[in-house]
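Look at the model below and follow the chain from start to end. The report then takes up a few residues, the helices and the core.

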Amino acid sequence: MRRQATPSPNGSSPEPALPAIERALIRIRRSQTRRTLGKIVGERLDRPFDPTHGFVVDALEEEPDYPGQEVTVGLVAERLAVDPSRASRIVASCVEAGYIRRVASQADSRRICLELTDDGRQLADLTHQVRQEYFGSLTQDWTEEELGEFARLLTKFTSNLGRKSGPATPEQPPPAASARRA
């Protein structure tokens, strides 16, 4: 199936859709880097707000990937795409801020799990409200059909994010047992 070309933002000749998607996603990332939403949340909290706390709360609030999955620092690292030591530091910061607490695993008491506190749930509710208001302001002149189609396509796009972590590459076979021991 051949992809349709889309017009470029400046109205010049049509270009492929994938570069347009890439540019749009870069603009989204940059707007998040400027911490636009974090500033709004901080204003509503009436105190400075660290946006990484919101990211951790999001990671804890997200549905389990499979039944019985527990939220650990390792899962937070995976969901935020950061290394475990960075995840450990930001989790500790969230514990100190009172948004999450450490609890013993129900499956293995040697493992430490994480859960939201009441303040963490309030932060989650506030960040949802702020994001939806912000996104609503950006799409205020869209029709219900456009919003529905955008939601459908964006959800479809993001559902594939966990399945692919980079450009397609041939599958690499695992090393032979003898090579692993060497």
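Asp46 is exposed, because its relative accessible area is 70%. The classes work like this: buried means under 20% relative accessible area, exposed means over 50%, and partly exposed lies in between (1.4 Å probe, protein chains only). Asp46 sits in the loop between α2 and α3. Its phi is positive, about 65°, although Asp46 is not a glycine. Ala81 also has a positive phi, about 55°, and is not a glycine. Ala81 is found in the loop between α4 and α5. With 69% relative accessibility, Ala81 counts as exposed.

This is a predicted model, in which local features need pLDDT of at least 70 and side-chain atom pairs count only at pLDDT 80 or more, while totals for chains, interfaces and linings use all residues. Residues are numbered from 1 along each chain as its sequence is written, and side-chain values use heavy atoms, with hydrogens and water left out.

**The chain as a whole**

The protein chain has 8 helices and 4 strands. Helices (H or I, at least four residues) and strands (E, at least two) are DSSP runs, numbered from the N terminus. In order from the N terminus, the elements run β-β-α-α-α-α-α-β-β-α-α-α. The protein chain has 182 residues, and 24% of them count as buried. Contact means heavy atoms within 4.5 Å. Take the contacts in the protein chain with a separation of 6 or more: 45% of them join residues 24 or more positions apart.

How many of the 11 residues of α3 are buried? The count is 8, and α3 is mostly covered. The buried residues of α3 are Pro51, Thr52, His53, Gly54, Val56, Val57, Ala59 and Leu60. They pack against α2, α4, α5, β3 (100-104), β4 and α6.

Two helix pairs can be set side by side. Axes are lines fitted to C-alpha atoms, for helices over the stretch in contact, and angles run from 0 to 180 degrees between N-to-C directions.

| Helix pair | Angle | Distance between axes |
|---|---|---|
| α3 (residues 51-61) and α6 (residues 118-138) | about 105° | 10 Å |
| α3 and α4 | about 110° | 10 Å |

Angles under 35 degrees count as roughly parallel, over 145 as roughly antiparallel, 65 to 115 as roughly perpendicular and the rest as oblique. α3 and α4 are therefore roughly perpendicular to each other. On the α3 side, this contact uses Phe55, Val56, Ala59 and Leu60, and on the α4 side Val76, Arg79 and Leu80. By class, the contact of α3 with α4 has 6 nonpolar residues, no polar ones and 1 charged. Here Ala, Val, Leu, Ile, Met, Phe, Trp, Tyr, Cys and Pro count as nonpolar, Asp, Glu, Lys and Arg as charged, and the others, Gly among them, as polar.

Now turn to the other pair. α3 and α6 pack at about 105°, so α3 is roughly perpendicular to α6. From α3 come His53, Gly54, Val57, Asp58 and Glu61, and from α6 come Gly120, Leu123, Ala124, Thr127, His128 and Arg131. The contact of α3 with α6 divides into 3 nonpolar, 5 polar and 3 charged residues.

**The nonpolar core**

In soluble globular proteins, nonpolar side chains tend to be buried together. A nonpolar core is a set of buried Ala, Val, Leu, Ile, Met, Phe, Trp, Tyr and Cys residues joined through side-chain atoms within 4.5 Å. The largest such core has 23 residues, and Val56, Leu60, Val76, Ile100 and Leu114 touch the most other members. The elements that give two or more residues to this core are α2 (36-45), α3, α4 (73-80), α5 (84-97), β4 (112-116) and α6.

Beyond its neighbours within four places in sequence, Val56 is in contact with Val76, Leu80, Ile90, Val91, Cys94 and Ile100. Val91 lies in helix α5. Val91 is buried, at 0% relative accessibility. Outside four places in sequence, the contacts of Val91 are Val56, Val73, Val76, Ile100, Arg102 and Leu114. Val91 and Leu114 are 23 residues apart in sequence, and their C-alpha atoms are 8.8 Å apart.

**Cysteines**

Cys94 is buried, with a relative accessible area of 0%. Cys113 is buried too, at 6% relative accessibility. A disulfide is a pair of cysteine sulfur atoms within 2.5 Å. By this rule the count is 0 disulfides.
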